[in-house]
Amino acid sequence: MSRLRVTHTSTFRYSGPVQASYNEARMTPVTQAGQTVLDSRLTVTPQTWSHDYRDYWGTAVTAFEVLAPHDSLVITAEHLVEVGDRPPVRTPATWETLRSSDVRDRLAEFLSDTPTTEAPDEVVALATAAADDLDPDAAALAVCLALRDQVDYIPGVTSVHTPASEAWAARAGVCQDLAHLAVGALRSLGIPARYVSGYLHPVSGGDIGETVSGESHAWVEWWVGEWVPFDPTNRISAGSHHVVLARGRCYDDVPPLRGIYAGRGTQELEVTVQITREG
C-alpha cells in the first residue's frame, strides 16, 4: 500500500471582472476496494454557496457558485489517500458469460459507444486480431498493448474532447485519447469497458516525504466478472500509483471542472498537481 497526499489547484484568471460563476467540481476521490480516502477537502476562493452530491455514475460532485464580482477563481482539492495494487481476477468471465443477456442488459451503458469513444474500422480490426483465441481478460490486455504500440504519446496534438478516431488518424495523443481508444476497442469486442479519471504519481517507488509534480490522468477498466483497472499509456495495471476520482462512459461524464460564467472577460487556466508519498 502507498499513502499519497494530493494537492490539485486550478486557478482561473479573467481579463475583466466576472459577475457570476456557476460550476461543478469532480475532484474528490472515492473509497473502494484498494483505495481508502483518509482525509479530503475542497476549497474555493471566492465562494458564496456550495452543495455536495453523488452523480449518476457514483462520482462525488461539489456544485458551487460565486455571485460577487471577481477577476480570479481558485479551486484547491487536498486529499490523503491510501492506495494499493489490485489482485488478479479470481475467476475471469468467459465470452459466453459476456454475451449473456444478463450481462449485456446490466452493463449496457459500458457496451455502447459515445461519439468520443467510437472505434474506427482499423481499430476494430486491430482489436479483433489482438484478441484472437484469448479469453476476455487476456484479450483486453492484448488489445490495450496493441493500441499503445500504434499511438505515440505526444501532448498538445489533441484535446480532452477529441474523438478517438482523430487520435487514431494522427497516431498520437495523450492519456485521454488512449483511454478513449481502448474503451471503444474493447466495447467493439463485447467487453464492457469504462473510462477512469484520477491522478498518477509519476515516480516508480518514490521517496517518502518527497513532493513531485503529479498528473491528472486517465485509464480504463474492463469487466470480466470483476472490473480490472489498466493504464494503457504506461502499459501497467492501475494500482498503488493511481488515485481514482471518477468513472463514466468517456471524459464527458467525468470532467474535473465544468461551469459557466457571466462577464466579458476571457479566461486563462493554470493547473498544478502536487503529490507527496507519506508512506
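Helices (H or I, at least four residues) and strands (E, at least two) are DSSP runs, numbered from the N terminus. The expected span of a helix is 1.5 Å times one less than its number of residues. The model shown in these views is predicted: local features need pLDDT of at least 70, side-chain atom pairs count only at pLDDT 80 or more, and totals for chains, interfaces and linings use all residues. Residue numbers start from 1 along each chain as its sequence is written, and side-chain values use heavy atoms, with hydrogens and water left out.

**View A. Helix α4 and its N-terminal cap.** Helix α4 covers residues 136–150. Its 15 residues reach 21 Å from the first C-alpha to the last, close to the 21 Å expected at 1.5 Å a residue. Asp135 caps the N-terminal end of α4, with a side-chain oxygen 3.1 Å from the backbone nitrogen of Asp137. Buried residues (under 20% relative accessible area, with exposed being over 50% and partly exposed in between; 1.4 Å probe, protein chains only) in α4 include Pro136, Asp137, Ala139 and Ala140. Val143, Cys144, Ala146, Leu147 and Arg148 of α4 are also buried.

**View B. The open five-stranded sheet.** Five strands, in the order β3-β6-β1-β16-β10, form an open sheet with antiparallel pairing; two strands pair if DSSP finds at least two bridges between them. The edge strands, β3 (35–45) and β10 (211–213), each pair on one side only. Neighbouring strands of this sheet are turned by 15° against each other on average, direction ignored; axes are lines fitted to C-alpha atoms, for helices over the stretch in contact, and angles run from 0 to 180 degrees between N-to-C directions. Three bridges link β10 to β16 (residues 267–277) in the antiparallel sense. Ser213 has Gln274 in β16 as its bridge partner.

View C. Arg26 is joined to Glu24 by a salt bridge whose closest N and O atoms are 3.0 Å apart. Arg26 is buried at a relative accessible area of 6%, whereas Glu24 is partly exposed at 23%. In the salt bridge between Asp39 and Arg41, the closest N and O atoms are 3.3 Å apart. Asp39 is partly exposed, with a relative accessible area of 33%, and Arg41 is partly exposed at 41%.

**View D. The salt bridge between Glu226 and Arg90.** The side chains of Glu226 and Arg90 meet in a salt bridge of 3.7 Å, N to O. Glu226 lies in the loop between β11 (215–223) and β12 (227–231) and Arg90 in the loop between β6 (70–83) and α1 (95–98), so the pair ties together parts that are 136 residues apart in sequence. Glu226 is partly exposed, with 22% relative accessible area, while Arg90 is exposed at 70%.

**View E. Surroundings of His242.** His242 is placed in strand β14 (residues 242–248) and is buried, at 3% relative accessibility. A polar contact of 2.9 Å joins its side chain to that of Asp231; such a contact is a pair of N or O atoms within 3.5 Å, and within protein one must be able to donate a hydrogen and the other to accept it, while residues adjacent in sequence count only if both atoms are side-chain atoms. Not counting residues up to four places away in sequence, His242 touches Gln35, Val83, Tyr199, Leu200, His217, Trp219, Asp231, Ile236 and Ser237, contact meaning heavy atoms within 4.5 Å.

Notes: A salt bridge is a side-chain nitrogen of Lys or Arg within 4 Å of a carboxyl oxygen of Asp or Glu.
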